[in-house]
Amino acid sequence: MLGLVFLLITVRQIGRFTFRIWQVMTVGAVLVLLTGEISLPKAISAINPDVMVFLFGMFVVGEAVSTSGLLAGVSDYICKVARTRDQLLLIFITVMAVSSAFLINDTVAIIGTPLALSLAYRYRIPPAAVLLVLCFSLTTGSVPSPIGNPQNFLVASYWNPPDPFLSFATGLFVPTLISLGLIVLLMRTRWMKYDNGSFHPPDLPASPDRNLVRVTILSLLILATLILIRIGCSILGKPSVFPLGVIALSAALPVLLLAKQRVVIIRQIDWRTLVFFVAMFVLMQSVYDSGWFQTSIPFTNLTTIPLILMVSIILSQLISNVPFIALFQPVIAVSGMSSGYMLALAAGSTIAGNLTILGAASNVIVIQQAEKAGVSIRFSDFIRIGLPLTLLQAIIYTLWLFYFT
């Protein structure tokens with residue numbers, strides 16, 4: 001069953017039929033339930049409530065940012081500050097990277113795509129170049145945060161360090177900063193070209209909903225405050241008072257309680273990803289209970305940082321990074337991997353998204369939204385930049401984690 005699921009995730013298309021990852025995972029979970037490979041009570045207990053609450057809360061906040069019309073204000077502000085294309089490149093990468101570190105890169109992909117196309121239109125930059133920078137910035141910027149992407153949150157949940165924010169930041173912030181600089185170097189030539197074509201950028205709301213803007217800003221302030229409190233507790237050697245799931249749900253509460261558009265926002269959040277995670281937990285528990293994983297996958301031989309990074313990047317292309325981390329969970333639980341190994345696992349499975357379009361869900365989200373505006377990115381164009389970028393980033397993270405963790 002697992003082999004069939006991974007085959008369909010890898011292929012994603014058979015003839016005229018296209019399979020989404022969440023659809024494949026859901027079918028796999030339903031089949032193991034129907035065939036009795038896992039009981040319904042065991043399947044329910046396999047679902048991690050902390051992960052589900054965390055994702056729901058973050059998706060609510062991200063959707064509120066998108067619906068509120070804050071993007072128009074952000075776009076205008078960037079255009080006022082960025083007087084040259086070089087300045088725009090640095091500001092855009094910074095804004096997208098920082099946003100993805102705190103709002104999940106998949107969510108920022110939804111928010112960032114219309115913003116990217118709007119800036120491309122206003123500065124006459126080839127839209128494909130702006131979208132490539134967006135994809136690389138979202139992926140790379142999410143690396144040093146336990147809430148930057150779903151796989152990082154899974155790593156943090158399985159690893160359970162005293163404070164995941166501090167652990168990820170101290171181990172991964174500096175190499176991530178260098179990696180973001182690589183994006184500037186590799187993309188600057190394309191970014192500086194003038195666009196002679198025409199496309200129709202999505203319209204950004206000209207009149208933001210002031211009430212929803214205030215509520216959204218309150219949510220973001222709560223999110224930032226609770227994260228800082230948690231980090232402060234860790235620095236002072238005190239127990240963490242706010243689990244990650246509680247932080248995300250607390251940030252979502254103003255939107256759920258005070259926003260008039262709460263029903264619209266709830267409808268528009270990424271329910272498919274939530275379904276994907278429920279199905280993944282059920283299927284992976286079934287695989288683990290069967291004993292096949294323990295005897296067939298030589299993950300226990302991953303005993304060096306370079307090897308963990310390499311395997312994470314490669315397998316994340318084939319089975320996607322979140323299922324890869326879920327499969328890796330038993331090794332984490334049994335072996336008690338060091339902090340360097342855990343950070344290498346998070347970094348490798350994340351920068352895998354810079355290698356190919358299919359390496360990260362955020363890439364797919366960006367491209368699907370861009371195609372609605374008549375803009376497309378070819379697979380070859382992506383990998384032409386993504387391959388050297390991923391190789392260089394892998395070297396940077398390997399050297400840093402080897403010598404400083």
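User: Is Thr356 buried or exposed?

Analyst: The model is a predicted one. Thr356 lies in the loop between α18 (339-351) and α19 (361-372). Its relative accessibility is 11%. The cut-off for buried is under 20%, so Thr356 counts as buried.

User: With which side chain does the side chain of Thr356 make a polar contact?

Analyst: Leaving aside neighbours within four places in sequence, Thr356 is in contact with Gln317, Asn363, Phe379, Phe382 and Ile383. The polar contact joins side chain to side chain at 2.5 Å, and the partner of Thr356 is Gln317.

User: What is the relative accessible area of Met25?

Analyst: Met25 is found in helix α2, which spans residues 21-34. Buried requires a value under 20%. Met25 is buried because its relative accessible area is 0%.

User: How many Å apart in space are Met25 and Met284, C-alpha to C-alpha?

Analyst: In sequence, Met25 and Met284 are 259 residues apart. In space, the C-alpha to C-alpha separation of Met25 and Met284 is 10.0 Å.

User: Among contacts in the protein chain between residues at least 6 apart in sequence, what percentage join residues at least 24 apart?

Analyst: The protein chain has 20 helices and two strands. Of its 405 residues, 53% count as buried. For contacts between residues at least 6 apart in sequence, the share joining residues at least 24 apart is 82%.

Methods
Residues numbered from 1 in each chain as written. Predicted model: local features only at pLDDT ≥ 70, side-chain atom pairs only at ≥ 80, totals over all residues. Heavy atoms only, no water. Helix = DSSP H or I, 4+ residues; strand = E, 2+ residues; numbered from the N terminus. Buried < 20%, exposed > 50% of the residue type's maximum accessible area, 1.4 Å probe, protein only. Contact = heavy atoms within 4.5 Å. Polar contact = N/O pair within 3.5 Å; in protein donor to acceptor, adjacent residues only side chain to side chain.
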